[in-house]
Amino acid sequence: MAESKGEKIEYKNINKALGKFAEVALQNYQDSKKEVSQISKEKWIDEQFDYFVEKIAEDLNNEKYFKLTDNVNIVDLEEDAFLYIGANWKGYEHRMLFKDIKKAYFDGNSIRKDLSQNMNISGSARQHATYYVLILQAFLKFIKDKTIPEIDTLKVVEKPYILIIDEINRANLSSVLGELIYALEYRGKTVDSMYAVEDSTLQNKNQIILPPNLYIIGTMNKADRSVGHIDYAIRRRFAFVDVLPKKLADEKIIFKDDIFKIVSELFIKNYDQYISDEMVDLIPADTLFSDFKPQDVWLGHSYFIQKKDKNDKGEEILIPEKFSTRIQYEIIPILEEYIKDGILKESAREVIKTLKANAESA
């Protein structure tokens, strides 16, 4: 991400979908291991710190800055940090993350030396411990006469977090995942990255953690030929499960079983046996070239589901023309492409004629 800093442009690494999701899952996983009393205390401290930030915001509004030392002041606020700068410093404001101050509190820090040696806070906090400790001490003074109440907090239950990546093989996964390849193997452990992620909630922004309660499901179509192969390093970190085309006539949906049967028999001989016993070995049909396995190129069942539409009265109705359109402009073109690419034999054109007749009479 590029961010303007006056006349300069600063480039930052930020979390995207997987990074953000992993941190939410990690928070749940860690909280599920804590005692209720600890969760209550953290909740109360978060609340008190919000009040503390509000007080400083009021001071900033009145005085234009909040004094740390004779030469260093807090001059502004962001959603998760104070901004501070010295009178003689060159450049822009430094960020003082709220989470570093709260972590220092929970680690029992109270003097500069404590913060400078605390490896649970960021490197910036340790380096600028002189200024961080002043805010920490101000916060300790703010809550000095307050008593931590008994908060009615329920025990956090560990939950599964499931991330589904559709068409996972449509990118070069080795390049896209990067250090995550190692994080997938060492679940629940910190994995070092060469990049610092600006908005990471982890104390060390150069680390990645994929918790044990995060599950990643990737879907892929083996028939896609314009995509990158999944190399062995990726394969070792995933379990592969084939999801074959399935007759759905018994489900509570409108399934065109007759069309499904016609198309399926282009790829397998044992259609009737397959739908009664899904563990049967698939025997390729005579129209399928021997270089291809049926499960790699067989058209899936989603093509044969017809959805209901609503009429002017709001009633659900079927529009046969819509499925006819699917046959003509979705199913038949794929089959013709298969013939052109040498997946199906020329004899498959006779079946396509049958499909066209079905489309016209649908």
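Buried means under 20% relative accessible area, exposed means over 50%, and partly exposed is what lies in between. Take R95: its relative accessible area is 23%, so R95 is partly exposed. Please keep in mind that this is a predicted model.

First, the overall picture. The protein has 362 residues, and 34% of them count as buried. Its secondary structure comes to 14 helices and 14 strands. The accessible surface is about 22,600 Å², with 49% of that belonging to carbon and sulfur atoms. Among contacts with a separation of 6 or more, 58% are between residues 24 or more positions apart.

Now to helix α3, residues 98-106. Which of its residues are buried? They are F98, D100, I101, K102, A104 and Y105. The cover over these buried residues includes helices α2 (36-63), α4 (112-116), α5 (123-127) and α6 (129-142), along with strands β5 (81-86) and β6 (94-97). Just after α3, G108 takes a positive phi of about 75°.

I will stay with one of those neighbours, α6. Two packed helices are described by the angle between their axes and the distance between the axes. For α3 and α6, the axes come within 10 Å and cross at roughly 65°. On the α3 side the contact is made by D100, I101, A104 and Y105, and on the α6 side by Y132, I135, L136, F139 and L140. The crossing is right-handed.

L136 is found in helix α6. Is L136 buried or exposed? Its relative accessibility is 0%, so L136 counts as buried. Leaving aside residues up to four places away in sequence, L136 touches I101, A104, Y105, N109, S110 and L115. The C-alpha atoms of L136 and D100 are 9.5 Å apart, although the two residues are separated by 36 residues along the chain.

Next, the charged pairs. How many salt bridges does the structure hold? There are 17. I will go through a few.

D80 and R95 meet through their side chains in a salt bridge, 2.6 Å from N to O. This pair links distant parts of the chain: D80 is in the loop between β4 (72-77) and β5, R95 is in strand β6, and the two are 15 residues apart. D80 has a relative accessible area of 35%, so D80, too, is partly exposed.

R237 and E185 form another salt bridge, at 2.5 Å from N to O. R237 lies in the loop between α9 (232-235) and β11 (254-255), and E185 lies in helix α8 (residues 180-185), so the pair ties together parts that are 52 residues apart in sequence. R237 is buried because its relative accessible area is 19%, while E185, at 45% relative accessibility, counts as partly exposed.

The side chains of D31 and K34 also meet in a salt bridge, 3.1 Å from N to O. D31 counts as buried because its relative accessibility is 15%. D31 and K34 are linked with E42 in a network of salt bridges.

Last, the surface. Which residues form a nonpolar patch there? They are I162, I164, Y215 and I217, with about 410 Å² of accessible area together. Strands β7 (161-165) and β10 (214-218) each supply at least two residues of the patch. Y215 lies in strand β10, and because its relative accessibility is 44%, Y215 counts as partly exposed.

That is the tour.

Terms used
Residues numbered from 1 in each chain as written. Predicted model: local features only at pLDDT ≥ 70, side-chain atom pairs only at ≥ 80, totals over all residues. Heavy atoms only, no water. Patch = residues over 30% accessible without salt bridge, like charges linked within 9 Å, V, L, I, M, F, W, Y side chains within 5 Å. Areas by Shrake-Rupley, 256 points an atom, 1.4 Å probe, with all protein chains shown as cover. Salt bridge = Lys/Arg side-chain N within 4 Å of Asp/Glu carboxyl O. Helix = DSSP H or I, 4+ residues; strand = E, 2+ residues; numbered from the N terminus. Buried < 20%, exposed > 50% of the residue type's maximum accessible area, 1.4 Å probe, protein only. Contact = heavy atoms within 4.5 Å. Axes fitted to C-alpha atoms, helices over the stretch in contact; angles between N-to-C directions. Left-handed = near helix turned anticlockwise from the far one by under 90°.
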